[in-house]
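I want to look up a few things here and jot them down as I go.

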Amino acid sequence: MTVTPVPFNDLGRAVHAQLGNLRQITDAVLTSGWYVHGTHHAAFESELADYLGVSHVLGVASGTDALELAMRATATPTRRTVVTVANAGAYATCAALAAGLDVRFCDVEAETHTLDVNSLANLLDEGVCAVVVTHLYGRLADVERIRTLCQPLGIRVIEDCAQSLGARTPQGMGGSLGDLATFSFYPTKNLGALGDGGAIATSDDVLHEQLLALRQYGWTGKYRNTISGGRNSRLDELQAAYLRFRLPLLDAGNERRRQIIARYAEVAPRTVRVLPAEGPNHVGHLAVVETDAVPALRDHLAERGVRTDVHYPTPDHHQEFLAGQARPSLPVTERLAGRIVSLPCFPELTDDEVGRVCAALASYPGR
Ligand SMILES: *Cc1c(COP(=O)(O)O)cnc(C)c1O
């Protein structure tokens with residue numbers, strides 16, 4: 001008997017459940033005669049700003065573009081270095097290189113896998129324009145402590161919220177805690193489009209003005225190219241319309257993700273540590289576990305029809321695109337990279353599938 005595997009993700013399920021609405025939205029945009037920066041785009045920007053509790057949101061073409069433009073907005077002729085973590089898929093590093101900036105890596109905490117604030121102070125100086133703090137796997141990092149270190153030095157804090165949209169603290173939503181925040185609407189994100197998309201949030205009016213120009217040719221008015229480093233990076237009308245429809249569904253999807261991870265945590269053997277995703281400061285983007293024996297665990301799960309992945313296997317400072325540069329020592333980042341496995345976690349997983357993952361996990365040696 002062949003059993004259908006539990007997929008790592010299946011984007012088609014949400015689309016099928018929403019097909020009537022999505023067709024209606026598509027039809028309305030198609031026949032509107034307006035395809036870029038129209039009414040849906042403006043409405044989505046303001047609805048997301050309200051949701052986050054910030055003054056401004058700007059739609060852009062992707063999460064990586066959001067990072068690149070946010071970095072460009074913080075850089076000056078003398079501040080040309082971005083500090084970030086090396087365990088978050090290299091998106092910020094890729095964006096910094098595209099912006100012509102240097103990257104300096106900070107280690108992460110063993111407990112949370114997010115930026116280790118205790119290692120940060122030594123990395124900051126007057127050449128740093130921004131610290132990019134990634135809310136990895138959906139969990140908010142300690143932005144307040146990072147800001148306390150950065151503010152006196154004139155360094156901006158950029159929250160990378162690509163994995164954490166909807167996460168909140170008593171002080172406010174993730175995305176409202178730094179100077180700038182970046183978002184991705186890549187289809188697998190918690191708020192996914194049906195194509196590429198991204199956004200930048202800020203409550204700083206000056207940064208907002210600068211970003212308006214940077215995302216559209218450096219324009220400060222139609223056909224007035226004022227700022228250099230400008231790009232064309234726009235969120236199209238169709239994606240904005242889909243995102244408006246999906247934003248009100250986000251919180252329920254995030255709650256389902258947290259519940260799935262809680263089930264895994266209940267049944268995991270002693271040899272597998274499920275990173276907790278319990279409170280509202282975590283939106284369960286990925287269900288990540290730690291183990292001494294990654295290949296053995298992945299084989300065990302695969303034999304029971306459970307698909308897994310690794311986020312991310314190679315730290316940024318070991319990637320080939322930085323081969324020419326001095327390699328820092330990041331002991332925690334390096335150790336964790338060899339210990340992580342991601343389990344299926346998306347809102348449309350059925351209870352039966354979650355049960356199958358649990359059974360497979362529970363039967364792994366180490367109870
Ligand atoms: C997905 C992701 C990005 C990049 O988003 P794209 O829209 O794919 O460019 C950036 N940062 C993190 C942490 C991500 O997970």
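Predicted model: local features only at pLDDT ≥ 70, side-chain atom pairs only at ≥ 80, totals over all residues.

Where is His-37 found? I find His-37 in the loop between helix H2 (19-32) and H3; helices here are DSSP runs of H or I with at least four residues, strands are E runs of at least two, and both are numbered from the N terminus. I looked up phi of His-37 too: the value is near 50°, positive in a residue other than glycine.

Residues are numbered from 1 along each chain as its sequence is written, and side-chain values use heavy atoms, with hydrogens and water left out.

The peptide bond from His-311 to Tyr-312 is cis, and its omega is near 10°. I place Tyr-312 in the loop between helix H11 (294-303) and helix H12 (331-337).

Then the ligand. I count 13 residues around it, the closest being Gly-63, Thr-64, Asp-160, Ser-184 and Lys-189; a residue is near if one of its heavy atoms lies within 4 Å. By class, the shell has four nonpolar, seven polar and two charged residues (Ala, Val, Leu, Ile, Met, Phe, Trp, Tyr, Cys and Pro are nonpolar, Asp, Glu, Lys and Arg charged, the others, Gly among them, polar). Helix H4 (residues 63-74) gives the largest share of that shell, three residues.

I checked polar contacts next, meaning pairs of N or O atoms within 3.5 Å. A backbone N or O atom of Gly-63 sits 2.8 Å from a ligand oxygen. The side chain of Asp-160 has an N or O atom 2.7 Å from a ligand nitrogen. For Gln-163, a side-chain N or O atom is 2.9 Å from an oxygen of the ligand. Taken alone the ligand exposes 380 Å², and the protein buries 93% of that (Shrake-Rupley, 1.4 Å probe).

Last, helix packing. H4 and helix H5 (residues 91-98) pack at about 50°, with axes 8 Å apart (axes are lines fitted to C-alpha atoms over the stretch in contact, angles run from 0 to 180 degrees between N-to-C directions). So H4 is oblique to H5, given that under 35 degrees is roughly parallel, over 145 roughly antiparallel, 65 to 115 roughly perpendicular and the rest oblique.

Methods
Polar contact = N/O pair within 3.5 Å; in protein donor to acceptor, adjacent residues only side chain to side chain.
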